[in-house]
Amino acid sequence: MPDTIDIQLKKGVLGLCVLALLARRDSYAYEIASRLSDAIGMGEGTIYPLMRRMQTDGLVETYLVESSSGPSRKYYRLTAAGRRALDGQTGEWRAFARAVEALIAGDDDESVIVAEAPAETPALLDQSAKTESTAHADRGEDQ
């Protein structure tokens with residue numbers, strides 16, 4: 001993804017992306033970070049605080065898998081609450097993306113844009129705010 005996309009936009013959808021990856025299969029944080037880095041240019045420094053928060057929020061749970069080549073790996077999997085969050089955020093994202101696409105395409109029919117736009121995107125906004133707050137706290141910064 002080009003660097004011209006604002007970092008806050010990427011952070012706003014990061015939780016949704018992690019939930020989507022974990023819906024496909026359980027994974028460990030480094031693997032998730034690598035996939036997100038390749039797909040949307042977000043590095044592992046952003047992923048680890050997010051994974052801790054998602055675990056605290058009950059969206060994911062962890063388990064250890066023994067490794068013959070080193071220490072055990074901590075794998076993450078979605079909880080029932082994580083699946084519900086994924087369903088809700090996916091619907092919100094799709095409605096939001098359709099509304100943005102209509103604006104970019106220059107669709108003059110405002111009823112299409114208004115009908116497509118979600119009334120609110122609380123899960124996405126909340127995700128972005130929590131990700132930003134966690135990043136500041138991890139760096140020891142005041143907001």
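**Entry 1: Glu31**

I started at glutamate 31, which is buried because its relative accessible area is 19% and the cut-off for buried is under 20%. I note here that the model is a predicted one. I placed glutamate 31 in helix α2, residues 29-40. Then I looked up what glutamate 31 touches, leaving aside neighbours within four places in sequence. I found Arg25 and Asp26.

**Entry 2: helix α2**

I moved on to the helix that holds glutamate 31. I read 12 residues for α2. From its first C-alpha to its last, α2 reaches 16 Å, close to the 16 Å expected at 1.5 Å a residue. Which residues of α2 are buried? I listed Ala29, Glu31, Ile32, Ala33, Leu36 and Ile40. Next I asked what covers the buried residues of α2. The cover includes the helices α1 (7-24) and α3 (44-56), and the strands β1 and β3. After α2 comes glycine 41. I noted a positive phi for glycine 41, near 75°.

**Entry 3: Arg25**

Arginine 25 sits in the loop between α1 and β1. Is arginine 25 buried, exposed or partly exposed? Its relative accessibility is 42%, so I put arginine 25 down as partly exposed; that class runs between 20% and 50%. With neighbours within four places left aside, arginine 25 is in contact with Glu31 and Arg35. I also checked arginine 25 against leucine 78. The two are 53 residues apart in sequence. In space, their C-alpha atoms are 8.9 Å apart.

**Entry 4: the tyrosines**

I turned to the rings. How many aromatic pairs are there? I count three. I looked at tyrosine 28 and tyrosine 75, an edge-to-face pair. Their centres are 5.4 Å apart, with 70° between the planes. This pair links distant parts of the chain, 47 residues apart. Tyrosine 28 is in strand β1 (residues 27-28), and tyrosine 75 is in strand β3 (residues 70-78). Both tyrosine 28 and tyrosine 75 are buried.

Why does the pair of tyrosine 63 and tyrosine 75 count as stacked? The planes of tyrosine 63 and tyrosine 75 are at 20° and the ring centres 5.8 Å apart, so the pair is stacked; the cut-off for stacked planes is under 30 degrees. Tyrosine 63 lies in strand β2 (residues 60-67) and tyrosine 75 in β3, so this pair ties together parts that are 12 residues apart in sequence.

Tyrosine 75 counts as buried because its relative accessibility is 18%. Taken together, ring pairs link Tyr28, Tyr63 and Tyr75 into a cluster.

One charge went into the notes too. Arginine 73 lies over the face of tyrosine 28. I read 4.2 Å from the ring centre.

**Entry 5: the whole chain**

I closed with the overall figures. The protein has six helices and three strands. From the N terminus on, I read the order as α-β-α-α-β-β-α-α-α. Of its 143 residues, 36% count as buried. I then took the contacts with a separation of 6 or more, and 53% of them are between residues 24 or more positions apart. The accessible surface comes to about 8500 Å². Carbon and sulfur atoms hold 52% of that surface.

Notes: Residues are numbered from 1 along each chain as its sequence is written. This is a predicted model: local features need pLDDT of at least 70, side-chain atom pairs count only at pLDDT 80 or more; totals for chains, interfaces and linings use all residues. Side-chain values use heavy atoms; hydrogens and water are left out. Rings of Phe, Tyr and Trp (its six-membered ring) pair if their centres lie within 6.5 Å; planes under 30 degrees apart count as stacked, over 60 as edge-to-face and the rest as tilted. Helices (H or I, at least four residues) and strands (E, at least two) are DSSP runs, numbered from the N terminus. Buried means under 20% relative accessible area, exposed over 50%, partly exposed in between (1.4 Å probe, protein chains only). A charge sits over a ring if NZ of Lys or CZ of Arg is within 6 Å of the ring centre and within 35 degrees of the ring normal. Contact means heavy atoms within 4.5 Å. The expected span of a helix is 1.5 Å times one less than its number of residues. Accessible areas come from the Shrake-Rupley method with a 1.4 Å probe; for residues, only the protein chains shown count as cover.
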